[in-house]
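This briefing covers a single protein model, with points grouped by topic. Please read it alongside the sequence and the structure shown here.

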Amino acid sequence: MRKLLVMDARNYDTALPEIYRVAVRGIIFLEGKLLLIQSCFGEVKFPGGGQESGESDHDTLIRETLEETGYHVIPDSIREFGEVEELRLSTLEPKIWHQINRYYFCDVDGEKEECHYTMSEQKHGFNQVCLTLDEAIECNWQMLCREGALPWNQREYQVLRLVKESLQKTID
């Protein structure tokens, strides 16, 4: 998969143990708007999450999209966009957080089921929203201005900009 970005905070001791995680996220357009998940703080993220043992990227994308949006991904529509590698000090323990985020364009069918958010997602008031690309970029820019460069918000802000740039290239 094409590497879009490496985000290395260099705020850790390289001798620390590492937490390695793969996350898979969907770039989904519904009627010209992005299907996203928004927290009670205003930030938006692409639906997706951590890969479970034995899952393929496609399996993770399908499961996470259903859990967070209630929509079923159409498997034949899945197309690679790229990956973002994150390295930073974990916010919870003295370990290196090393996460690979894989992004895929995909389509969903029209039938929506109930969302099933994790306890953490419920705690942060996540819910589904549909925004234009520019609205989504602005949401995360405002969050960066208010809260500072939180790693997950910075990642999603950068990927939103890369999606916009990629789509503009296909139009030109």
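**Pocket, cores and selected residues**

By class, the lining of the largest pocket comprises 13 charged, 11 polar and 8 nonpolar residues. The model is predicted.

**Largest pocket**

- The space in the largest pocket comes to about 890 Å³.
- Its lining is made up of 32 residues, and Arg21, Lys45, Ser120, Phe126 and Trp152 are the closest to the pocket centre.
- Helix α4 supplies the largest share of this lining, with 4 residues.

**Helix α4**

- Helix α4 covers residues 151–171, 21 residues in total.
- From first C-alpha to last, α4 reaches 31 Å, close to the 30 Å expected at 1.5 Å a residue.
- Buried residues in α4 are Asn153, Arg155, Glu156, Tyr157, Val159, Leu160 and Val163.

**Nonpolar cores**

- The largest nonpolar core has 21 residues, of which Ile27, Leu36, Phe46, Phe81, Leu160 and Val163 touch the most other members.
- Two or more residues of this core come from each of β1 (3–8), β4 (33–38), β8 (79–89), β9 (96–105), β11 (127–131), α3 and α4.
- Another core, of 12 residues, lies apart from the largest one, and its members include Val24, Ile28, Leu35 and Leu61.
- Beyond its neighbours within four places in sequence, Phe81 is in contact with Arg2, Leu4, Ile27, Tyr103, Tyr104, Phe105, Val159, Leu162, Val163 and Ser166.
- Among these contacts of Phe81, Ile27 and Val163 are also listed with the core members that touch the most others.

**Asn140**

- Asn140 is part of helix α3, which runs over residues 133–147.
- Asn140 counts as buried because its relative accessibility is 0%, and the cut-off for buried is under 20%.
- With neighbours within four places in sequence left aside, the contacts of Asn140 are Glu43, Val44, Asn153, Glu156, Tyr157 and Leu160.
- Asn153, Glu156, Tyr157 and Leu160, named among those contacts, are buried residues of α4.

**Positive phi in loops**

- Arg10 sits in the loop between β1 and β2 (18–27), and its phi is near 50°, a positive value in a residue other than glycine.
- The relative accessibility of Arg10 is 64%, so Arg10 counts as exposed.
- Glu31 belongs to the loop between β3 (29–30) and β4, and phi of Glu31 is near 50°, again positive in a residue other than glycine.
- Glu31 also counts as exposed, because its relative accessibility is 85%.

Definitions and conventions. Residues are numbered from 1 along each chain as its sequence is written. This is a predicted model: local features need pLDDT of at least 70, side-chain atom pairs count only at pLDDT 80 or more; totals for chains, interfaces and linings use all residues. Side-chain values use heavy atoms; hydrogens and water are left out. The expected span of a helix is 1.5 Å times one less than its number of residues. Buried means under 20% relative accessible area, exposed over 50%, partly exposed in between (1.4 Å probe, protein chains only). On a 1 Å grid over the protein atoms alone, a cavity is a set of points where a 1.4 Å probe fits but cannot get out, and a pocket is an open set with protein on both sides within 12 Å along at least five of seven lines; lining residues have an atom within 4 Å of a point. Grid points are joined across faces, edges and corners, and a volume is the space filled by probe spheres set on the points. Ala, Val, Leu, Ile, Met, Phe, Trp, Tyr, Cys and Pro count as nonpolar, Asp, Glu, Lys and Arg as charged, and the others, Gly among them, as polar. Contact means heavy atoms within 4.5 Å. A nonpolar core is a set of buried Ala, Val, Leu, Ile, Met, Phe, Trp, Tyr and Cys residues joined through side-chain atoms within 4.5 Å.
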